[in-house]
Amino acid sequence: MQIFFLIFLNGLALSQVDSVFLNTEQLLEKAIKIDTVLEKKESSSGIDSIIQFSAQDTVSFIFKSKKMQMSGDAKLNYKTQKLNAEFIEIDFNESTLKAEGRKDSTNKSIGFPSFTDKNENYVGSKIEFNFRTQRGNIVLGETELNEGFYFGSKIKKISESELFVKDGCFTTCDAPHPHYYFGSPMMKVVANDRVFLDPIIFYIEDLPVFVVPFGLFFPTKGGRQSGIMIPSFFFSKSRGVVLENFGLFLSLSQYYDTKFLVDFYSKGGYMLKNRTRWKLLNYHDGYFNLDYGKVRFDPDDEYSTNWSFQLSHNHNISPQDKIVAYLNFSSQNYNKNTSTNIYERIQQDITSNASYTSSFDNGTSFFINYSRNQNIIDNTYSQSGGATYSIPQLFPLRSLFSRKNWLSDVSFTYRANANWNEAKTMSAGPDTSYRIKAQRKISHSPSISISPKLGYFTLSPSLNFNANNYFKKIKREFDPSDSSIIERSENGFFTEYNFSAALSLSTRLYGIANPRIWGVNSLRHTFQPTFSLSWTPDLSDKKFGFYDSYFDERHNQEIIYSVYELDGGGIASRQLSQSLSYSFLNSFEAKIAQDTAADKVVELLRFTLNGSYNFAADSLRFSDMNVNFRTPNIWNMNLNGGAAFTFYDQDKRAIGQTSETYAKVNRFLINEGKGIARLTNFNLQLSSSFSSSGSKSPGTFASESQEVEKTEELALGDRFTRRYEYTGYENDLYGDSSPGYSNLNIPWNLSLSLNFRYSHFLLNSIQRDLTANASFSFNLTRTWAFQTSTSYDFIDKEFLSPIITITKDLHCWQLYFQWYPIGYSQGFYLRFSIKAPQLQDLKLEKRNNPIVR
């Protein structure tokens, strides 16, 4: 039982009783309450509020000396201050408080005082505090502020936010005996601001490593703080003395910050960098990166100018309006000249995307977009932008017919798109000049469809119409005088259209078997055939004005071209099409019996075959037959692939005077005795992943550090107790105290994939690719982590950029090693650093890569 009292002390009215002793064995009929007449001025005791206290053992009031003593897990609350200790004494004459621990029957120290003031916690062997001056002392004290621990032989609190620490130490290591700390005979701590040290001595395992002989201060505020960015420093044979990421961080407000950084190479130039971030609640966030500099790999080389621009922004303007943007531009070979990341160094293309989306209450939507793809190796690019307005699926006849009438299912959709695109390409030939081509057009895409149900069949007629508006028109003629092509362009507003009609019919057939063997209760085969009949007119006649032609006397043939080719024209069909398309979907599923739950439905295989036949074509009426298949994740295995087959033979065709190729001819392979069809394309992807989750292999002996096991997640008070009575751990050289045999538990993950591609479109050209990818990670112990990934090209018989990463968790330190044994970025990176974010710049690094060899 605990005893609680409320004491109202604006002055004391004492009785003639010298003392009162209370313990938990006594049953108190009422609380003791001492009241006084309130005065306008503050009480001389310095105590001007309610004190709430309790004790497990004894509470003693000594009225003559105006003292109160509590023992046995004593607790005291005063305003925002809380105190827990084995023994607490309050002197109301001197307005002081004293708390300390005691020895138990086994001579073990218990109940060290723990003092909390607002969000600040203090622990020590003895605490003294003056209510009047709001100052106090902590003997062998320790406190935790801003993710760090401060302790010393004596802590003196001189104000609500200032502490003096004698023989002070600071560390982020939470072990009872810290593995490292910064020590100083004189230390001053300003809570949530900074810490002053004079001098500074850095200890590792109690050994002084270096000394700063003069006083310094370091910020300790939580969150983002402006200040100097400490650089990485190392030497390179090719670039000399290297300073990386030296600069200034500015926390300009709670909504955005920025960093100005510089990379300096004494032999290789410089890079200037800016990193800016912003965020406003859930409305918008983003970042901006800008790099510029001149670098070289050898003192005899010329400097190359390198620059990069990145912008990312997400903005929720309203629930219906949103902006998403990611823009990425850079100079040629930027990653190759500046990056040490292997994935960035082998990257060839960078992309940019930006969009604005707005949806309206009536279901329509408006969309503006921009996209860009740049090859940073040859500096070519393609970019496009546009605006799209869409009307969702409407059923205009539902107001005229009931839902039972199939006419009510007639639907209408419409989409309009204004598009601009530009491409920079490299011209063929030895001069390697560039050509820029731009196109502009407006597209209209209305569509009418219906899907009535006819018994077990679904009939879906549809009518599609497309129209494009262009701004350029061309006219080409052959000049016999020099065998050149004369091209004239005309500006204006022109229209090209195309239309088609289609009718599709589909149904589903099911086959079910109930074998009830090997845990398989049922098997089901779903067969879904779909036949589509489509018609597209021939709009290539000159009377429509979409296509024109000229006779090329060099090759003795007529060349037909789209008059809107400069703006990407050519949607009008150039030939009559009356085709029948077919698609056969096969799905195989099984019901697997479960011990306690309902049967589990598992899809075993999905197989699709499709193709078409064009009745209006004068030759080559059969299209290629395409096959696609996939299996879901069964027994940790994913399999999917596809194939294409042709029914026609090929003949040689000359290209110029020195080369030749093959082309399809209107002869079936089966008539030539070459089988029914020929494989032209095949691809296969096989992937699987395995892990040790839920399994443990038989055994070995435990080898973890006993100290590390016992120091995890200790509270401040427990940590102080352990440090106060710390005796260390004896090395168990002969295994006398070993936990002995235990199960081997090495968590691991393995991911494997195999990709195969076969291409044989032309008889004289075959392409094959076979690549295996593997990623394996495991934890040898709780602190040793290994990870490796690689790819192997079976065609070229070479490994592709293998990476080996090793991490050692050293409690408050971390050892990180990454190795590229072979390949384009062969090298390594080694870092030994403190894990705490505020001390992340305290590290040792060693590296060897193509940038800084």
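Colleague: What is the relative accessible area of E672?
Modeller: A friendly note before the value: this is a predicted model, in which local features need pLDDT of at least 70 and side-chain atom pairs count only at pLDDT 80 or more, while totals for chains, interfaces and linings use all residues. Residues are numbered from 1 along each chain as its sequence is written, and side-chain values use heavy atoms, with hydrogens and water left out. Buried means under 20% relative accessible area, exposed over 50% and partly exposed in between (1.4 Å probe, protein chains only). E672 is partly exposed, at 37%.

Colleague: Which residue forms a salt bridge with R667?
Modeller: A salt bridge here is a side-chain nitrogen of Lys or Arg within 4 Å of a carboxyl oxygen of Asp or Glu. R667 is partly exposed, at 30% relative accessibility. With the closest N and O atoms 3.3 Å apart, its partner is E672.

Colleague: How many residues apart in sequence are D809 and K835?
Modeller: Their side chains meet in a salt bridge of 2.9 Å, N to O. D809 lies in strand β55 (residues 798-810) and K835 in the loop between β57 (827-834) and β58 (843-848); helices (H or I, at least four residues) and strands (E, at least two) are DSSP runs, numbered from the N terminus. So the pair ties together parts whose separation in sequence is 26 residues.

Colleague: How many disulfides are there?
Modeller: A disulfide is a pair of cysteine sulfur atoms within 2.5 Å. C812, buried at 6% relative accessibility, has its closest cysteine sulfur in C173, and because that sulfur is 3.5 Å away, it is too far for a bond. The count of disulfides is zero.

Colleague: What is the angle between the ring planes of Y180 and F202?
Modeller: Rings of Phe, Tyr and Trp (its six-membered ring) pair if their centres lie within 6.5 Å; planes under 30 degrees apart count as stacked, over 60 as edge-to-face and the rest as tilted. This rule gives 39 aromatic pairs. Y180 and F202 form a tilted pair, 6.1 Å centre to centre, with the planes at 55°.
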